[in-house]
Amino acid sequence: MFKKSDPPQVESLSENQREMFHIDELKRRQEEHIFYTWTAQNQASPLPISRGEGAFFFDHEGQRWFDFESQVFNCNLGHQDQRVIQAIQDQAQRLSCAHPAAVYESKAQLGELLNEVSPGDISKFFLCLSGAEAIENAYKVARMITGRQKVIARRRSYHGASMGALSLTGDARRLPFEPGLWGVIRAEDPYCYRCPFGLALESCSMQCASQIEHIIEMEGPENIAAIFAEGVTGSNGGFIPPQAYWPKLREICDRYGILLVADEVFSGFGRTGEWFAVDHWGVTPDMITMAKGVTSGYAPLGVLGVRGELAARFDDEVLWCGLTSYAHPISCAAAVATIQAYKEDDLINNSKHLGDQLGEVLASWNSESWYGDSRCLGLFGTLELADQCDDDQLSSLKEALRSHRVHILLKGRMLFITPPLCISAAELNEGLEIIYQCLLTTC
Ligand SMILES: Cc1ncc(COP(=O)(O)O)c(C=O)c1O
């Protein structure tokens with residue numbers, strides 16, 4: 001907007017112009033030295049965020065945006081929750097830096113809370129800084145426990161951006177880094193709308209799960225350490241597996257002594273209307289990875305949860321895992337306050353009930369020409385657009401959503417509707433109506 005050589009007389013600008021100057025200048029300064037992620041730098045879409053409040057954030061001109069992506073699927077609690085902010089401030093004041101072996105209240109309390117909300121007998125936790133790290137450690141622990149080297153992961157999956165997690169990842173983000181880890185074998189997904197086996201749900205006999213058993217037999221069960229699967233597939237499609245899918249995975253793993261790892265980085269902490277997606281099917285995995293919603297993005301934290309019986313192995317054997325910022329005090333304090341706030345405000349149930357409403361609205365669009373499929377579990381809705389929507393229409397839709405100030409992920413033909421769990425029914429409807437109008441005018 002302004003050239004460096006031509007400094008504006010800031011005092012002579014209106015308040016709005018001053019904000020615009022401020023954000024343009026801020027963006028210029030930031031872009032000079034800081035990368036954007038997953039994009040060519042010249043094609044980035046900077047997000048104009050100046051402050052947040054509940055299910056919304058505000059740009060530098062004071063305009064309100066619907067946060068239908070909960071930032072990056074992590075701000076489940078909503079923006080600027082004072083309970084979490086206070087807990088972070090208190091912790092920072094008391095103890096901001098601690099050795100991994102240090103003993104302090106927020107660390108102990110977080111262990112107790114994670115034990116309370118985790119499925120079944122998942123009772124011991126390793127505390128790192130991201131979802132990818134939780135996955136890396138799950139992979140290492142699976143190998144240490146079983147002594148086996150291969151793992152099974154699904155084709156349309158994302159497990160994180162570090163080399164190990166990318167190697168497990170099935171989606172295209174792994175491609176520039178191949179070959180990755182040795183021994184990752186890929187299985188098809190429970191993607192019922194476009195069944196990879198061309199079958200219909202009513203008569204498919206869950207070929208997607210049977211295929212996993214077939215792979216195990218062909219590879220030799222004695223070589224397979226673990227199966228990694230997202231509770232509900234996140235950013236690759238929001239696939240909700242058939243009712244019997246997770247119990248079947250559990251049964252297969254039990255039969256062959258293979259560890260079952262649920263990646264709940266995306267689907268955990270109420271996103272699907274239960275603490276964890278696997279709770280919908282009453283399944284206890286052997287390990288569970290968490291991040292995102294555990295602190296609602298207020299501080300970085302990744303968690304690997306392990307069943308007590310398996311964890312006991314490391315009572316006498318060395319756990320070859322660690323990091324400098326293990327169980328960072330500020331992250332622990334943020335997680336404790338976040339989990340308490342989910343409980344206090346009954347947000348897991350809010351997600352469940354509003355999810356029913358979200359699912360009904362999405363399904364009611366089914367007569368539109370652009371409607372392909374919709375899937376919804378809790379406040380995790382996916383609208384899959386019909387094949388007829390071409391690239392021009394998809395770019396116009398993206399543009400329209402942005403110009404109506406809806407922060408939302410449209411990836412290919414999949415539109416992910418994942419607002420903070422504190423959103424009200426009226427706010428959800430208001431946002432959905434805007435999305436609907438954008439669809440009508442562009443697709
Ligand atoms: C299912 C899943 N696993 C792992 C990750 C990686 O988490 P992080 O970005 O915190 O490393 C993500 C991130 O989007 C995810 O969706």
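Colleague: In which sense do β11 and strand β12 pair, and over how many bridges?

Modeller: Start with the general idea. Strands of a sheet pair through backbone hydrogen bonds, either parallel or antiparallel. This model is predicted, so read every value as computed from it. Here β11 and β12 (residues 380–385) pair in the antiparallel sense, over six bridges. One place to look is Cys376, which stands opposite Gly381 in β12.

Colleague: What do β11 and β12 form, and how many residues lie between them?

Modeller: They form a hairpin, with two residues between the strands. Look at Gly378 in the turn: its phi is positive, about 60°.

Colleague: Is strand β11 largely enclosed or largely open?

Modeller: Count its buried residues. A residue is buried if 20 or more other C-beta atoms lie within 10 Å of its own. In β11 (residues 371–377), five of the seven residues are buried, so the strand is largely enclosed by the rest of the structure.

Colleague: In what order do the strands of this sheet run?

Modeller: The order is β11-β12-β15-β14. The sheet is open, has four strands, and its pairing is antiparallel. β11 and β14 (409–411) stand at the edges. Each has a single partner strand, so one side of each is left without a neighbour in the sheet. On average, neighbouring strands here are turned by 15° against each other, direction ignored.

Colleague: How many bridges join β14 and strand β15?

Modeller: Three, and the pairing is antiparallel. β15 covers residues 414–417.

Colleague: Now β9. Which way do its residues point?

Modeller: The general idea comes first. In a regular strand the side chains alternate between the two faces of the sheet. In β9, Met287 and Thr289 point one way, while Ile288 and Met290 point the other way. All four of these residues are buried.

Colleague: In what sense does β9 pair with β8, and in what sense with β10?

Modeller: Take each partner in turn. Strand β8 (residues 259–263) and β9 pair in the parallel sense over three bridges. There, Asp263 stands opposite Thr289. β9 and β10 run antiparallel, joined by four bridges. On that side, Met287 stands opposite Val306 in β10.

Colleague: Where is Pro300 found?

Modeller: Pro300 is in the loop between β9 (287–290) and β10 (302–307). With 19 other C-beta atoms within 10 Å, Pro300 is partly exposed. Now compare sequence with space. Pro300 and Cys128 are 172 residues apart in sequence, yet 8.4 Å apart in space, C-alpha to C-alpha. Not counting residues up to four places away in sequence, Pro300 touches Leu129, Ser130 and Ser331.

Colleague: Which residues are closest to the ligand?

Modeller: The closest are Ser130, Gly131, Ala132, Gly160 and Val265. In total, 14 residues surround the ligand. Helix α5 (residues 131–146) gives the most to this shell, with three residues. By class, the shell has six nonpolar, six polar and two charged residues. Ser130, one of the closest to the ligand, is also touched by Pro300.

Colleague: Is Lys107 buried or exposed?

Modeller: Count again. Lys107 has 21 C-beta neighbours inside 10 Å, so Lys107 counts as buried. Lys107 is found in helix α4 (residues 105–117). Leaving out residues up to four places away in sequence, Lys107 touches Ala327 and Cys332. Lys107 and Leu301 lie 194 residues apart in sequence and 12 Å apart in space, C-alpha to C-alpha.

Colleague: How far does helix α12 reach?

Modeller: Helix α12 (residues 391–403) has 13 residues. From its first C-alpha to its last, α12 reaches 18 Å, close to the 18 Å expected at 1.5 Å a residue. Arg405 follows α12, with a positive phi near 60°.

Methods: Residues are numbered from 1 along each chain as its sequence is written. This is a predicted model: local features need pLDDT of at least 70, side-chain atom pairs count only at pLDDT 80 or more; totals for chains, interfaces and linings use all residues. A residue is near a molecule or strand if its C-beta atom, placed from the backbone, lies within 6 Å of it. Ala, Val, Leu, Ile, Met, Phe, Trp, Tyr, Cys and Pro count as nonpolar, Asp, Glu, Lys and Arg as charged, and the others, Gly among them, as polar. A residue is buried if 20 or more other C-beta atoms lie within 10 Å of its own, exposed if 12 or fewer, and partly exposed in between; C-beta atoms are placed from the backbone. Two strands pair if DSSP finds at least two bridges between them. Two residues are in contact if their C-beta atoms, placed from the backbone, lie within 7 Å. Axes are lines fitted to C-alpha atoms, for helices over the stretch in contact, and angles run from 0 to 180 degrees between N-to-C directions. The expected span of a helix is 1.5 Å times one less than its number of residues.
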